[in-house]
Amino acid sequence: MSLMKSILLVLALLASPLSLLAAGQLEQAGAGPAAMAEHGIPQKAEGLAHDEFFITNSMLVTWIVALALILFARMATRRMQEVPTGAQNFWEWLVESLYDFLEGIIGQDLVKQTFWFFATIFIFILFTNWFGLIPGVGTIGWGVQGEHGFTVTRPLLRGGNADLNMTAAMAMLFFFFWIIWALQANGVKGFFLHLFGPKGESSGALKLLLVVIFFLVGFLEVFSILFRPVSLSFRLFGNIFAGENMLEAMSNLVPGLGWLLPVPFYFMELLVGLVQALVFMLLTAVFTMLICMHEEGQEKAHH
């Protein structure tokens, strides 16, 4: 398990350089505002068949991924065996590895309460990222016949996490459960004391000064908490959207080699998809741990 943690830590450290490399490749490929208008994917997900249709191409991808994961989980656990094989073996390995990994970070008690959410969000984000790399996603759909062949103007499928609405929805869902877990762990009074109450032991004038300081610091903490859904949603959306635009730019860089140039970057995007799913899960888990973790003295008082 320590080896797995070391590997995941290295992958997380690689996230920033890979994102910078993706941005650099876009710039080198001439993907400026004019080029993006010609070749890049639009920032807004498009409705199927027409703009007014409420089902977008990114929503369709998320439904396909969710349905595939549900069916695979049902198939893997339909006939449970004492000695797992095949799909059951893979599913149990994935779930147990995630559980042990999170338990080492947020603790045994908290992981029992929150594992269902963190595991679901990691698996869903990971396979949604990877699904967006399947050939045909973004290249099959409605379009027009031009001088250089058929051009897709309205793709049937679009990467689910390349839509800001999807990443924002997951971030807001986490924020909702974060409030519930925080209130369950601290109570209403303890929740506000955690934000605005003084930390440490002191007396006299120093205690009064610390009360004022930590009360003011509490307001900064509130702004930080309110900004977390924004940072979570834009971080995931920005990396996936930039990766898809990079692949689009590479495929249009040299006529006739559009099938070859993006291949090395596909492997990089596989790694980026894993890293971004891991980063989203780790950040949400750490945010939860920080609000639910008690100091030794506070924990004794609570019990």
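Leaving out neighbours within four places in sequence, Asp 163 is in contact with Ala 45, Thr 56, Ser 58, Arg 158 and Phe 237, where contact means heavy atoms within 4.5 Å. Asp 163 sits in the loop between strand E2 (149-155) and helix H7 (164-196); helices (H or I, at least four residues) and strands (E, at least two) are DSSP runs, numbered from the N terminus. With one of these partners, Ser 58, the side chain of Asp 163 makes a polar contact, side chain to side chain, at 2.7 Å. A polar contact is a pair of N or O atoms within 3.5 Å, of which, within protein, one must be able to donate a hydrogen and the other to accept it, while residues adjacent in sequence count only if both atoms are side-chain atoms.

This is a predicted model, in which local features need pLDDT of at least 70 and side-chain atom pairs count only at pLDDT 80 or more, whereas totals for chains, interfaces and linings use all residues. Residues are numbered from 1 along each chain as its sequence is written, and side-chain values use heavy atoms, with hydrogens and water left out.

**Charged side chains**

A salt bridge is a side-chain nitrogen of Lys or Arg within 4 Å of a carboxyl oxygen of Asp or Glu, and the structure holds one of them. In that salt bridge the side chains of Arg 228 and Glu 221 meet at 3.5 Å, N to O. Arg 228 counts as buried because its relative accessibility is 11%, whereas Glu 221, at 32%, counts as partly exposed.

**Helices and the nonpolar core**

The protein has ten helices and two strands, and from the N terminus on its elements run α-α-α-α-α-α-β-β-α-α-α-α. Of its 303 residues, 39% count as buried. A nonpolar core is a set of buried Ala, Val, Leu, Ile, Met, Phe, Trp, Tyr and Cys residues joined through side-chain atoms within 4.5 Å. The largest such core has 57 residues, and those with the most contacts inside it are Leu 98, Phe 118, Phe 122, Met 170, Trp 178 and Met 281. The elements that give two or more residues to this core are helix H4 (57-76), helix H5 (86-106), helix H6 (108-131), H7, helix H8 (204-251) and helix H9 (263-292). Apart from it lies another core, of seven residues, which includes Leu 133, Met 246, Phe 265 and Met 268.

Phe 122 lies in helix H6 and counts as buried because its relative accessibility is 6%. Beyond four places in sequence, Phe 122 is in contact with Leu 98, Leu 274, Ala 277, Leu 278 and Met 281. Phe 219, in helix H8, counts as partly exposed at 40% relative accessibility. The table pairs each of these two residues with a partner.

| Pair | Apart in sequence | C-alpha to C-alpha |
|---|---|---|
| Phe 122 and Met 281 | 159 residues | 5.7 Å |
| Phe 219 and Leu 195 | 24 residues | 8.0 Å |

**Confidence in the model**

The mean pLDDT of the protein, where pLDDT is the predictor's confidence in each residue from 0 to 100, is 83, and 82% of the residues reach 70 or more. Over residues 1-38 the pLDDT stays under 50, and the model has 38 contacts beyond four places in sequence for this stretch.

Note on methods. Buried means under 20% relative accessible area, exposed over 50%, partly exposed in between (1.4 Å probe, protein chains only).
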